[in-house]
Amino acid sequence: VEMSPLGMALLAAEVDKGTGHSPLLIASDSPSQWQAPLTGAKLNELRALMRDAVTSGAAQAADLGGEPVYGQAGTVQTGKNAWLSWFVGYRGSVAISVLETGSTQSQAASSLAGAFLSASA
């Protein structure tokens, strides 16, 4: 399965709101909208899992005080001594997807997401 960072950020926003929105390049454009394919109960379960990942799982480096952060993180080995760290999530009205390459299996993308979300608050 291949997904772009923009696609993952849109997915995080859909989990947050329960509806999907197409990205806009110009604020005056009318966005298209669709209903999330999960029931309200399933969306709440997914949100709880994403919150748990930030408070006590792989995405802990993105945890901030104040408004809660919801997300998921992971790493993928892309070659010998080559890793891709990723984070996808949201806080309030901001959805984010972060990818970082490195030579270790560290969760650096979560730290970068936390720093971005902290600065955008």
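His21 touches Leu10, Ser32, Gln33 and Trp34, leaving out residues up to four places away in sequence; touching, or contact, means heavy atoms within 4.5 Å. The model is predicted, so local features need pLDDT of at least 70 and side-chain atom pairs count only at pLDDT 80 or more, while totals for chains, interfaces and linings use all residues. Residues are numbered from 1 along each chain as its sequence is written, and side-chain values use heavy atoms, with hydrogens and water left out.

**His21 and strand 1**

- His21 lies in strand 1 (residues 19-21); helices (H or I, at least four residues) and strands (E, at least two) are DSSP runs, numbered from the N terminus.
- With a relative accessibility of 34%, His21 counts as partly exposed, a class that falls between buried (under 20% relative accessible area) and exposed (over 50%), using a 1.4 Å probe and protein chains only.
- His21 and Gly92 are 71 residues apart along the chain, and their C-alpha atoms are separated by 16 Å.

**Helix 1 against helix 2**

- Two packed helices are described by the angle between their axes and the distance between the axes.
- Helix 1 (residues 5-17) packs against helix 2 (residues 40-56) at an angle of about 120°, and their axes are 9 Å apart.
- Axes here are lines fitted to C-alpha atoms, for helices over the stretch in contact, and angles run from 0 to 180 degrees between N-to-C directions.
- Helix 1 and helix 2 are therefore oblique to each other; angles under 35 degrees count as roughly parallel, over 145 as roughly antiparallel, 65 to 115 as roughly perpendicular and the rest as oblique.
- The crossing of helix 1 and helix 2 is left-handed, a term used if the near helix is turned anticlockwise from the far one by less than a right angle, with right-handed used if clockwise.
- On the helix 1 side, Glu14, Val15, Asp16 and Lys17 meet Leu43, Leu46, Arg47 and Met50 in helix 2.
- By class, this contact of helix 1 with helix 2 has four nonpolar, no polar and four charged residues; Ala, Val, Leu, Ile, Met, Phe, Trp, Tyr, Cys and Pro count as nonpolar, Asp, Glu, Lys and Arg as charged, and the others, Gly among them, as polar.

- Tyr90 is buried, at 3% relative accessible area, whereas Tyr70 is partly exposed, at 22%.
- Leaving out residues up to four places away in sequence, Ala95 touches Ala9, Ala12, Ala13, Gly89 and Tyr90.
- Ala95 and Val69 are 26 residues apart in sequence and 9.8 Å apart in space, C-alpha to C-alpha.

- Thr78 is found in strand 3 (residues 70-79) and is exposed, with a relative accessible area of 54%.
- Apart from neighbours within four places in sequence, Thr78 is in contact with Trp83 and Leu84.
- Thr78 and Thr101 are 23 residues apart along the chain, with their C-alpha atoms separated by 9.0 Å.
- Asn81 sits in the loop between strand 3 and strand 4 and is exposed, at 52% relative accessible area.
- Asn81 has a positive phi of about 55°, although it is not a glycine.

**Ser110 in helix 3**

- Ser110 is placed in helix 3 (residues 108-119) and is buried, with a relative accessible area of 0%.
- Not counting residues up to four places away in sequence, Ser110 touches Ala58, Ala59, Ala61, Ala62, Ala73 and Phe87.
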